[in-house]
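Here are my notes on helix packing and the chain contact. Please read them with the model open.

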Amino acid sequence: MEMSLDAIDLSYSYIPGTLALRNITLSLDGSGVTFILGGNGSGKTTLLQCLCGIRPPNSGSVQIDGRDLRRIHPLQRARSIGFVPQIHEPVFTYSVYQVVLMGRAPYLGPFSSPQKSDHERVAHALHALDLWELRDRPYTAISGGEQRLTLIARGLTQGAKYLLMDEPDAHLDPRHQHDVFTRIVDLAREGFTFAISSHSPNNALLYGRRVVLLASGRLIAQGSPQEVIAPKLLQEAYGMEFETITDASGLRAVLPATGKRSQS
Amino acid sequence: MLRVRLPRILAALCVGANLAVSGAVFQGLLRNPLVDSHILGISSGAAFGAALALLLTHSAVYVQLFAFGFGLLAIFIVYAIGLRFGSSILILVVTGILVSAFYNALLGLIKYVADPLNTLPAITYWLLGGLGGARWQNLWPLLIITVFGITFFLLIRWRLNVLTLSDTEALALGINVRRSRFAVLFVASLLVASSVAISGVIGWIGLIVPHAARAIVGPDHARLIPASIGIGAFILLILDDISRTAMATEIPLGILAGLIGIPVFLLLFMRLLRERGGWR
């Protein structure tokens, strides 16, 4: 059977009567990197948290390989789906190594400590993301880009095939964004499936294979970046006009339509 | 010697270890390096219980029993309210502070009505803290709970790292945050209540020993928990020896802990800051 993580007619509400997500149906099926775009408060983070099983939907379901997430033990679920939060704020200055090692929690009982095999998984993940040299540095003392990579390494250590990332490009300069996304695209080629929420349609164009567009909790479009990142759809999602920049290879970027605004 | 000194030595080791390890655990699980063993109202509950017992009787057994009972009652109130509303850290801490404040008001009331010649000095003296009352016959509850609690924390020490993560992250790692937090805070509370019941309120150890241990072995609970236990037990033993021998009459442990402990640790802290160029 095809491996996939699906949302089926998923709805979620924080406050009874107010839906944060309405009837979302989408599928992450080994399709590399899927970007989730949408304005502030459109439900991107909520969708990611529903997909990784920490917010059970009010109606509809999330299914992994055809099985309802609610029927799977949380520890089992955590071995398949990893969540990378936008902000990981450790209270104490754990080292990069310690942060990545916490990815082994789904495999260890409450009264066990990590064994040799767990440490081998950590070493493997750190090498895979070129973080080995940084392993003893405090997590709080490395760059924002390195912090994102550390959390990806934690996801790999977790054994997760699906990695759900909440705005990994937030607060990063262009070089670090590019570094992080290049890694993500490489890992996607190796068979990992990413769902990434972002405020940057241009990053979705550059690094995404699929794009999902949300507006006030509804899914208004999904498809290839070239299809979804269109001025008309973006206007519906963000409530402002966009203009496109294209070249021989097709759509390269979208920008706010400043010219039209100054005329009005 | 064996009849009087050994129980007192054991009591010092247990109380020091318990206060230090519970402080480390509270700081980690409540994600706040400024809290100590007394944060959730346990010590205020125990102080009120002891004062109430001293008001009603003068039996040492009842003092210990009431202190332990009311200390645990505090944590049960905090949990009852916390669990009802999702047991987030903020709710636990706010409820803990309120319970603590209410117990303090009750304690004030007892002091006010207590006989100022007889009962009031006894209450005041108890509150200053000390191990003078440790005997074989009243030590065994502390010993049993300490062995149980310390074993528990030594076993669960690595998992404590994961419990310092935000709820979202811990849940995403498949951990049942609510249940784990409940269990761990409950065992820590048992350690505090059983200690305060025999020693009175001894401040600062639960706050500063974990920080000292963190400065030496780092924040990884796999090493922090054993270090806190060792340092806490050792320091309280030393302080108790000084308390017995420095002057002709015994200096209350709570006072001594503050007088010696705080300057010593302030010096260590400043040296650490100088070495590291700030707190990281």
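1. Start with helix H3 (residues 60-84) of chain B in this predicted model. H3(B) packs with helix H9 (residues 177-199) of chain B at an angle of about 155 degrees. Their axes lie 8 Å apart. Angles over 145 degrees count as roughly antiparallel, so H3(B) is roughly antiparallel to H9(B). The crossing of H3(B) and H9(B) is right-handed.

2. Which residues make this contact? H3(B) supplies B:Gln64, B:Ala67, B:Phe68, B:Gly71, B:Leu72, B:Ile75 and B:Tyr79. From H9(B) come residues including B:Phe182, B:Phe186, B:Ser189 and B:Val192. By class, the contact of H3(B) with H9(B) has 12 nonpolar and four polar residues, with no charged residues.

3. Now chain A. Helix H4 (residues 116-128) and helix H5 (residues 144-157) of chain A pack at an angle of about 140 degrees, with axes 9 Å apart. That angle makes H4(A) oblique to H5(A). Their crossing is right-handed.

4. On the H4(A) side, the contact uses A:Arg121, A:Val122, A:Ala125, A:Leu126 and A:Ala128. H5(A) brings A:Ala153, A:Leu156 and A:Thr157. The classes here are six nonpolar, one polar and one charged.

5. Last, the contact between chains. In chain B, 22 residues are in contact with 25 residues of chain A. Which elements of chain B give two or more residues to the side that touches chain A? They are helix H7 (157-163) and helix H8 (167-172) of chain B. This side of chain B has 11 nonpolar, six polar and five charged residues.

How values were computed
Residues numbered from 1 in each chain as written. Chains lettered and ligands numbered in written order. Predicted model: local features only at pLDDT ≥ 70, side-chain atom pairs only at ≥ 80, totals over all residues. Axes fitted to C-alpha atoms, helices over the stretch in contact; angles between N-to-C directions. Helix = DSSP H or I, 4+ residues; strand = E, 2+ residues; numbered from the N terminus. Parallel < 35°, antiparallel > 145°, perpendicular 65-115°, else oblique. Left-handed = near helix turned anticlockwise from the far one by under 90°. Contact = placed C-beta atoms within 7 Å. Nonpolar A, V, L, I, M, F, W, Y, C, P; charged D, E, K, R; others polar.
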